[in-house]
Amino acid sequence: QVQLVESGGGLVQAGGSLRLSCAASGSIFSINVMGWYRQAPGKQRELVATIINSGGSTNYADSVKGRFTISRDNAKNTVYLQMNSLKPEDTGVYYCNAKIAAMGGAFIYWGQGTQVTVSS
């Protein structure tokens with residue numbers, strides 16, 4: 001069984017910074033892609049950033065380019081999201097996502113979510 005556990009959310013003023021972490025654990029053969037999604041109240045879940053574990057290629061939503069940085073520590077099966085210059089519109093629940101090869105095949109896993117609130 002594979003689990004994704006997020007941490008690092010909280011309340012911050014506009015212009016501030018937060019760093020999210022997501023650690024994958026369990027019967028993992030390999031991790032292909034890890035990423036972050038977010039969901040604001042009343043809105044659909046949207047992609048924030050992804051990183052491919054082999055090579056480190058990254059992809060960002062236009063709304064966060066230049067402010068957020070995704071990185072990973074393959075040895076720890078952990079992905080990070082450094083969020084700078086936060087805006088009130090960044091408020092939402094942030095979910096970690098990973099495509100992981102485990103017993104039985106490759107599957108998409110989600111974390112439980114961590115709340116990020118940016119006050120104006």
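Asn-32 is found in strand 4, where strands (E, at least two residues) and helices (H or I, at least four) are DSSP runs numbered from the N terminus. This is a predicted model, in which local features need pLDDT of at least 70 and side-chain atom pairs count only at pLDDT 80 or more, while totals for chains, interfaces and linings use all residues. Residues are numbered from 1 along each chain as its sequence is written, and side-chain values use heavy atoms, with hydrogens and water left out. Here is a friendly tour, starting with that strand.

- Asn-32 counts as partly exposed because its relative accessible area is 29%; buried means under 20%, exposed over 50%, and partly exposed in between (1.4 Å probe, protein chains only).
- Beyond residues up to four places away in sequence, Asn-32 touches Ile-51, Ile-52, Asn-53 and Lys-99, a contact being heavy atoms within 4.5 Å.
- From C-alpha to C-alpha, Asn-32 and Met-83 are 23 Å apart in space, and they are 51 residues apart in sequence.
- Val-33 also has its place in strand 4, and with a relative accessible area of 26% it is partly exposed.
- Leaving aside neighbours within four places in sequence, Val-33 is in contact with Thr-50, Ile-51, Ile-52, Asn-53, Asn-97, Ala-98 and Lys-99.
- Val-33 and Ser-57 are 24 residues apart in sequence, with 9.6 Å between their C-alpha atoms.

**The nonpolar core**

- The largest nonpolar core has 31 residues, of which Leu-4, Met-34, Trp-36, Leu-81, Met-83, Tyr-94 and Ile-100 touch the most other members.
- Such a core is a set of buried Ala, Val, Leu, Ile, Met, Phe, Trp, Tyr and Cys residues joined through side-chain atoms within 4.5 Å.
- Among the elements that give two or more residues to this core are strand 1 (2-7), strand 3 (18-26), strand 4 (28-39) and strand 9 (92-102).
- Strand 9 provides the largest share of this core, 5 residues.
- In soluble globular proteins, nonpolar side chains tend to be buried together.
- Not counting residues up to four places away in sequence, the contacts of Leu-4 include Cys-22, Met-34, Cys-96, Asn-97, Ile-100, Tyr-109 and Trp-110.

- Val-2 is found in strand 1 and is buried, with a relative accessible area of 11%.
- Apart from residues up to four places away in sequence, Val-2 touches Ser-25, Gly-26, Ser-27, Ile-28, Ile-100, Ala-102 and Tyr-109.
- The C-alpha atoms of Val-2 and Ala-24 are 6.9 Å apart in space, with the two residues 22 apart in sequence.
- Asn-97 sits in strand 9 and counts as buried at 10% relative accessibility.
- Setting aside neighbours within four places in sequence, Asn-97 is in contact with Leu-4, Val-33, Met-34, Gly-35, Tyr-37, Ile-108, Tyr-109 and Trp-110.

**The disulfide**

- A search of the whole structure finds 1 disulfide, meaning a pair of cysteine sulfur atoms within 2.5 Å.
- This disulfide joins Cys-22 to Cys-96, with an S to S distance of 2.0 Å.
- The pair links distant parts of the chain, with Cys-22 in strand 3 and Cys-96 in strand 9, 74 residues apart.
- The torsion about the S-S bond of Cys-22 and Cys-96 is about -80 degrees, so the disulfide is left-handed.
- Cys-22 and Cys-96 are both buried.

**Positive phi angles**

- Most residues other than glycine have a negative phi.
- Asn-77 is not a glycine, yet its phi is positive, at about 50 degrees.
- This Asn-77 is found in the loop between strand 7 and strand 8, and at 24% relative accessibility it counts as partly exposed.
- Ser-85 is not a glycine either, and has a positive phi of about 50 degrees.
- The loop between strand 8 and strand 9 holds Ser-85, which is partly exposed with a relative accessible area of 41%.

**The largest pocket**

- The largest pocket is lined by 13 residues, of which Arg-38, Ala-40, Lys-43, Glu-46 and Glu-89 lie nearest its centre.
- On a 1 Å grid over the protein atoms alone, a pocket is an open set of points where a 1.4 Å probe fits, with protein on both sides within 12 Å along at least five of seven lines, and lining residues have an atom within 4 Å of a point.
- The lining divides into 1 nonpolar, 5 polar and 7 charged residues; Ala, Val, Leu, Ile, Met, Phe, Trp, Tyr, Cys and Pro count as nonpolar, Asp, Glu, Lys and Arg as charged, and the others, Gly among them, as polar.
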